[in-house]
Amino acid sequence: MLGSLISKDIKLVRLLAILVLAVLAWAFLDPVPGLSIKAFHMLIIFIASMTGIMLEVCPAVTFLLLMMLFANLTGTIEAKDGFSGFCNIVPWLLFLVLSLTTAITKTTLGMRLAYIFMKYFGRGITGLSYSIILTEFFVAPVLPSNTARAASVGYPLVTSLSKYISTHVENISEKSIGSYLSLLYSSSNAICSATFLTAMISNAIIIEVMTNSGINTTWLSWTGYAIIPAILLLLIMPFAIRLFSNPQIKDLGNLRATAAKNCKNLGSLTTNEKFIIATFGIMLVMWILSDQIGIPVFVTTLMGVCVFLLFGILDIKDMLSNRSTFNSVIMLGILISFVNCLSSLGVISWFTNIIGSLISGFDSKIAFLALSVIYFFTHYFFTGEGSRIIALYAAFLATGLALDIDKIAVAMTLAVFSSMSSVLTNYSGPVAITMSSAGFVSPKKWSFCGFILSLLIMTVWLSYIFIFGV
């Protein structure tokens, strides 16, 4: 009877298991050395929260609100502290960015760009690969949601290309070419999300942590630091993925002609699309020159939303009725609140001291290497970039700074690894989940390929950092 009353979105057994384990830990475990009772209890709540999100026991916002209620009822935190994250600018920047994303995804701009690249480079599998990479590379800086890019550009592009190629090229199955293209797009998305400050909304969280740590980073300095190893990785990626997912295609038939035809069928740019391109062009320049012109990224983003609202590109009803946007904002606000509480109670500094003590005896370069690799592989335990950044970025950055590692090197390495590590599995983030939903790549194959790609990514990035100095 009870099961029929509970929402179908709730996995009751998992939910009860996490809650029971949290209560038992709360009641019977003594605080670990270095933490107060209240700090230890907050750590239990945070671990339970992250576990619930990773195991998808129920909608993330529902579970976080339950944990927030538990924290308040037990007196671990006060109500005002529990919602302190909403005083932070990041959740509201997320709201504005996702609203802007809606304006782009309602158009054919992403697909139009892909067809243009395929028209000129789609003769063979290598040219097709770089067409997809170039599409992602040029869309990423102005579409600040890697998830939206995957949903509006990556997924339809991969599925339609897989179907077309398997139909028009002999001895090529849809699953074979789809497997290759899925892995290629997902890895390209992860690399491009790390290359541009505005390519992933979670990068805004990183910037705030950097600023609080005394590290000033602009759009231009971020991209300038990441662009060379990112381009190297994007150039290598098609050949690396073909080592374990090779569709064995030499000739793609009439793909170039088909791309040209599809591009022509889309017709000329509409007035709205021209307006969107012009507006985002201006915004991109303002993002890049934010320090020079004295207009913060948030204000520029707000300007774009206001312009789109005034000219009818965006509808306020669409903004306010977008459930996924508000879920993301509420989830991010609560997670930031939890991290604020962990920090104020001394849990972050305690964790930093533990990591630091483990690697403090090593040379600074070895310590930097260990810290970076550990951070990269922690993504195995998270299902999204944002939650991992909120949980661990500040702590790992503080550890690196305490070990006297070059502050820019450690801050940027942890920053780019925050998104590049999403190549690891088919559940590493919304992009991987979206692309794997096409069914072309098995979880086992994705994990194997992801591990090999992760070694390649770390090798290229860390070699670049060591060559030019840590």
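Author: What follows covers the cavities, with a focus on the largest one. The model is predicted: local features need pLDDT of at least 70, side-chain atom pairs count only at pLDDT 80 or more, and totals for chains, interfaces and linings use all residues. Residues are numbered from 1 along each chain as its sequence is written, and side-chain values use heavy atoms, with hydrogens and water left out.

A cavity is a set of points, on a 1 Å grid over the protein atoms alone, where a 1.4 Å probe fits but cannot get out. Grid points are joined across faces, edges and corners; a volume is the space filled by probe spheres set on the points. The count comes to three cavities of 30 Å³ or more. The largest cavity holds about 90 Å³.

By class, the lining has five nonpolar, eight polar and one charged residues. Here Ala, Val, Leu, Ile, Met, Phe, Trp, Tyr, Cys and Pro count as nonpolar; Asp, Glu, Lys and Arg are charged; the others, Gly among them, are polar.

Two helices each supply at least two lining residues: α10 (174-195) and α23 (430-436). The largest share, four residues, comes from α10. Helices are DSSP runs (H or I, at least four residues), numbered from the N terminus.

Conventions: On a 1 Å grid over the protein atoms alone, a cavity is a set of points where a 1.4 Å probe fits but cannot get out, and a pocket is an open set with protein on both sides within 12 Å along at least five of seven lines; lining residues have an atom within 4 Å of a point.
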